[in-house]
Amino acid sequence: MNASDAASPAAGQGGELPAVAPQLRALRRRAGLTLEAAARDAGLSPAHLSRLETGQRQPSLPMLLALARIYGTTVSELLGERVADRDAIVRAADMDPSRAAGWTYFQAGAPGRGMQALRVHAPYGAQGDIVRVHPGEEWLYVLKGRLRLRLGDATHLLAPGDSAHFDSLTPHRLAAEDPDGVELLFVHTLLQSPTAALCLGHLNGELP
């Protein structure tokens, strides 16, 4: 058994993901992949992928990210969401701020998609000691001020106009370098849910 085959929540347990079984098989076939080929590319056993496709098991977030990449689609489509159901335009007047641990977040993209876009203001001295590790990718662009970004063992100082794009399984820390704080655009690939609404906040009670 592969490490990725570790038990994921079965249907009916608390905190489960929306049912994805109907989509998984259809999208695999649309991609022209056999069960064995898709399972191999995702690091799963064919039996485990078959259980996901028949609704006997629920996929974890890393599994969804891997399958979306292999099938050439998004986590949103795997979850059966329709793009037409969401407004493509986000007006500045609708960007109500949310706050967590001193940081201010403005939703800059439509909810429920495979990517989440935020405009973030981080004050000096807030959350700089938090190490974040979670599945997905992150892209950020510094709008104002300077950002100190630690990726693994390396530390980078980003000025306005600088950007970073990295695998978020790499341990990372973000902190404002200057007393006036830092403002940035932030895009990440994480499953959209009420507990993951703020990508830099807490996820299921634990730090990301």
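User: Which strands form a hairpin, and how many residues are between them?
Analyst: This is a predicted model. In it, strand 5 and strand 6 form a hairpin, with two residues between them. Gly152 lies in the turn and has a positive phi of about 60 degrees.

User: And how many bridges pair strand 5 with strand 6?
Analyst: Five bridges pair strand 5 (residues 147-151) with strand 6 (residues 154-158), in the antiparallel sense. Within this pair, Arg150 stands opposite Thr155 of strand 6.

User: What is the order of the strands in the open sheet of six?
Analyst: The order is 1-2-3-9-4-7, and the pairing is antiparallel. Strand 1 (97-100) and strand 7 (163-167) stand at the edges; each has a single partner strand, so one side of each is left without a neighbour in the sheet. On average, neighbouring strands of this sheet are turned by 25 degrees against each other, direction ignored.

User: Which residue stands opposite Tyr141?
Analyst: That is Ser163 in strand 7. Strand 7 is joined to strand 4 (residues 137-144) by five bridges, and the two run antiparallel.

User: Turning to helices, at what angle do helix 1 and helix 3 pack?
Analyst: Helix 1 (residues 21-30) and helix 3 (residues 46-53) pack at about 125 degrees, with their axes 7 Å apart. Helix 1 is therefore oblique to helix 3.

User: Which residues make the contact?
Analyst: Helix 1 contributes Ala21, Leu24, Arg25 and Arg28, while helix 3 contributes Leu49, Leu52 and Glu53. Of the residues in this contact, four are nonpolar, three are charged and none is polar.

Conventions. Residues are numbered from 1 along each chain as its sequence is written. This is a predicted model: local features need pLDDT of at least 70, side-chain atom pairs count only at pLDDT 80 or more; totals for chains, interfaces and linings use all residues. Side-chain values use heavy atoms; hydrogens and water are left out. Two strands pair if DSSP finds at least two bridges between them. Helices (H or I, at least four residues) and strands (E, at least two) are DSSP runs, numbered from the N terminus. Axes are lines fitted to C-alpha atoms, for helices over the stretch in contact, and angles run from 0 to 180 degrees between N-to-C directions. Angles under 35 degrees count as roughly parallel, over 145 as roughly antiparallel, 65 to 115 as roughly perpendicular and the rest as oblique. Contact means heavy atoms within 4.5 Å. Ala, Val, Leu, Ile, Met, Phe, Trp, Tyr, Cys and Pro count as nonpolar, Asp, Glu, Lys and Arg as charged, and the others, Gly among them, as polar.
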